[in-house]
Amino acid sequence: MLRSIVRLQCQLGSSRTLLKYCSRDPASNFSIQSNAYSSAITERRKFYKDVSIAQGEGGVYEVHLDRRKLKTPGGKLFTVPNEALAVAVATEWDAQKETLKYYSMHLTTLCNTAIDNPTHRDKQQMITASLKFVETDTVCYRIDDPPALVELQKNEWDPVLHWIENRYNVEIGSSYNILGPEIPAATIDTFRQHLNSYNFWSLTGLEFVISQLKSVVLSLALVDRHLTVEEAVLLSRLEEEYQIERWGSVEWCHDYDMYELRARTAAGALFVQLSSEMSSVKRKLMQDC
Amino acid sequence: MSGLSPPLRVFRGLIKELRDIHGTTYKNTLAYNYVIDQFRKNGVTGERQCRARQEALHLSQAYLCLLRSTREHLALHKLYHGKGDRGLAEMASLVGLRLPSQPGGKGWEE
């Protein structure tokens with residue numbers, strides 16, 4: 001019954017619908033909603049009506065809110081190298097109702113990070129940070145009890161491991177102890193070379209996906225289109241899904257986390273693929289390739 | 001590539017999500033026109049094994065996942081985490097009590 005309420009809320013889309021479903025005093029409910037935690041830091045009201053994109057100088061695309069050009073939090077002009085990404089960002093801004101929920105605008109956040117580079121990192125630092133996840137890769141850590149989970153891990157994670165070993169000609173084992181598998185240096189070098197071939201924007205997205213899925217193997221499988229986003233998220237949360245199947249799902253925790261992870265991973269994957277698609281065409285226009 | 005849905009399903013899902021976001025004017029939006037354009041260019045016929053088509057399909061499925069999961073996440077957030085503090089009268093009514101009304105005002109408020 002809760003699910004049908006959620007679905008109806010999505011369709012109707014405004015906070016007023018809660019009036020219909022709450023059996024308690026409806027009037028007070030609405031007033032509570034309108035002043036709940038709306039501080040200047042966390043939420044801003046939607047201050048524009050139309051969102052459009054325009055092509056700026058050098059072939060980059062800008063996003064316009066009403067008449068004003070969108071800027072990054074660092075004050076720079078918000079530009080993206082291709083139209084698809086601009087359309088997607090514009091849709092994110094367009095999808096906001098009454099208040100702006102920045103935590104739901106994942107693509108915008110990624111673009112802002114790529115443009116501003118607030119931590120002032122270069123490509124090599126990002127690659128090193130990403131490769132740190134190889135040693136503690138999710139799919140390499142196996143458990144030896146209960147047997148149903150062991151089977152599940154073997155059936156689901158082994159194929160991905162084999163795939164990546166073939167695709168990149170590397171060796172990654174899996175391990176049952178707390179220290180994890182011994183990853184040979186040649187593997188790390190191969191990955192480093194491969195990551196080097198991505199431009200700065202794609203690398204920003206890829207590092208984001210890796211940190212969300214907690215696995216380099218799954219992220220590369222996703223970006224190389226071997227897995228879909230849903231599959232990658234499922235494999236990343238394999239143990240949790242197993243426990244859910246055994247003990248039941250708690251909507252406000254499990255589903256919430258799963259949808260958030262899916263949204264972020266999808267945004268990251270989209271970001272990587274869109275940024276690297278255009279790299280051969282627009283390389284001159286991007287900051288650090 | 002094993003989990004790719006048929007293109008028609010992805011297409012219909014995308015249209016539904018965009019309609020959900022924009023309401024009745026969804027046909028004039030950037031995203032809608034872009035999606036229609038891309039699907040038309042890549043030819044949703046399902047016959048040839050074309051690499052560019054597979055890539056475009058994966059991309060569109062990722063975008064569908066993004067739109068769908070953002071919507072579900074926001075809905076769950078609103079349902080479970082968005083309430084904020086209840087007022088005093090609300091809290092009292094939770095346990096079935098009502099605040100007393102004092103016509104002269106409470107003594108300590110002056």
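Predicted model: local features only at pLDDT ≥ 70, side-chain atom pairs only at ≥ 80, totals over all residues.
1. The interface between the two chains involves 41 residues of chain B in contact with 53 residues of chain A, and the area buried between them is about 4200 Å², of which carbon and sulfur atoms give 67%.

2. Between chain B and chain A the count is 1 salt bridge, formed by the side chains of A:Arg225 and B:Glu55 at 3.7 Å, N to O, while 6 residue pairs, both members at pLDDT 80 or more, are in polar contact. On the chain B side, α1, α2, α3 and α4 each supply at least two of the residues that touch chain A, and the largest share, 21 residues, comes from α3(B); by class, this side of chain B has 18 nonpolar, 14 polar and 9 charged residues.

3. Over all chains, a search of the whole structure finds 11 salt bridges. One of them, within chain A, pairs A:Glu207 with A:Arg121, with the closest N and O atoms 2.8 Å apart; A:Glu207 sits in helix α9 and A:Arg121 in the loop between α5 and α6, 86 residues apart. A:Glu207 is buried, with a relative accessible area of 18%, whereas A:Arg121 is partly exposed at 27%.

4. Within chain B, B:Arg71 forms a salt bridge with B:Glu17, the closest N and O atoms being 2.9 Å apart; B:Arg71 lies in helix α3 and B:Glu17 in helix α1, so this pair ties together parts 54 residues apart in sequence. B:Arg71 counts as buried at 19% relative accessibility, as does B:Glu17 at 3%.

5. B:Arg71 also meets B:Asp20 in a salt bridge (3.4 Å, N to O), and salt bridges that share partners join B:Glu17, B:Asp20, B:Arg68 and B:Arg71 into one network.

Definitions and conventions. Residues numbered from 1 in each chain as written. Chains lettered and ligands numbered in written order. Heavy atoms only, no water. Contact = heavy atoms within 4.5 Å. Buried area = accessible area lost by both parts, 1.4 Å probe. Salt bridge = Lys/Arg side-chain N within 4 Å of Asp/Glu carboxyl O. Polar contact = N/O pair within 3.5 Å; in protein donor to acceptor, adjacent residues only side chain to side chain. Helix = DSSP H or I, 4+ residues; strand = E, 2+ residues; numbered from the N terminus. Nonpolar A, V, L, I, M, F, W, Y, C, P; charged D, E, K, R; others polar. Buried < 20%, exposed > 50% of the residue type's maximum accessible area, 1.4 Å probe, protein only.
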